[in-house]
Amino acid sequence: MPGLVDAHCHVGLESTGAVPDDVAEQHALAERSAGALLLRDAGSPADTRWMDEREDLPRIIRAGRHIARPKRYLRNYGDEVEPDALLDAVERQAARGDGWVKLVGDWIDREVGDLTPLWPADVARAAIDRAHALGCRVTAHVFGEQAVAELVEAGIDGIEHGTGLDPETNAATIDLMAQRQVALVPTMIQLENFPGFADAAQDKFPAYARRMRHLHARRHATFGAALDAGVPIYAGTDAGGYLPHGIVGREMAAMRSFMGAEQVLGAGSWRARAWLGRPDVLAEGAPADLVVFASDPRADLRVLGTPAAVVLRGRRVA
């Protein structure tokens, strides 16, 4: 089948920030071994453009650095600015990316003790408009309910994680995403960390802990409602930072909890490629980026974790 797509990863990023080129190369090779031959890098402080010259590495579509506020995201990851400098940051990261800009939409506010949006709604709208004027699509890290509603209303193109899409409280947001075809990348493996986040915060931030447990508990219903409404959903691992690269097969298998098997395969292969503007690799004259499995993944998605062969640009690499 067409090579797999990891639509949310961070090549060159680990827990402490950017890593040396040789480590970033190992990230890309791990993705390749897993059959992920097209990567959307959803924010990284590392400069990985040198990889574009390597015919033996997956293609990367970059979103520049995460744009966050000071002390409202992970240290050493983002381009940190206050709201009055957000447009300047969008311009910087648009220049670093490949047609995408990544915002951090919400994070814990320690003064409030819970998730809150990082950007006033009017500021977020202006930033999205500016990115669009520069020819970029915009996506955002969002866990909670308020930020996802505000960002979708503001015209964003993608939502990462999206656990706040509660059909009881955010049905209008889900409908608007479907109408505008705003993409959702749920990162199922990453969401398994929510109970741990809640436990770590329980004593100091009990409201945040309750919210994270609630978002985790209803994640399958949340994404099922989005799927049923017609929201386009794609596979992304959130590898890099705190998760290893090369786990796209596991991510796709986890998506089976709310999608049919063929829907999952499209979300992590041909539909994701079309969304990212890359050609159908099964068409005549297209680059031969293929992954081979020993049995039909429609019968058992777990086979996605063990490719029998990987062909990149017509050459077998694994």
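## A three-stranded sheet

In this predicted model, three strands form an open sheet in the order β14-β15-β16. Their pairing is antiparallel. The edge strands are β14, residues 290-292, and β16, residues 315-316. Each edge strand pairs on one side only.

How many bridges join β14 to β15? There are three, and the two strands run antiparallel. Strand β15 covers residues 309-312.

Most residues other than glycine have a negative phi.

Start with His161. His161 lies in strand β11, which spans residues 158-161. Is His161 buried or exposed? His161 counts as buried because its relative accessible area is 2%, and the cut-off for buried is under 20%.

Now turn to Gln181. Where does Gln181 sit? Look in the loop between α5 and β12. Helix α5 covers 171-180, and strand β12 covers 183-185.

Gln181 has a relative accessible area of 47%. That value falls between the 20% and 50% cut-offs, so Gln181 is classed as partly exposed.

## The two side by side

His161 is in a strand and is buried. Gln181 is in a loop and is partly exposed.

Methods: Residues numbered from 1 in each chain as written. Predicted model: local features only at pLDDT ≥ 70, side-chain atom pairs only at ≥ 80, totals over all residues. Heavy atoms only, no water. Helix = DSSP H or I, 4+ residues; strand = E, 2+ residues; numbered from the N terminus. Buried < 20%, exposed > 50% of the residue type's maximum accessible area, 1.4 Å probe, protein only. Pairing = 2+ DSSP bridges.
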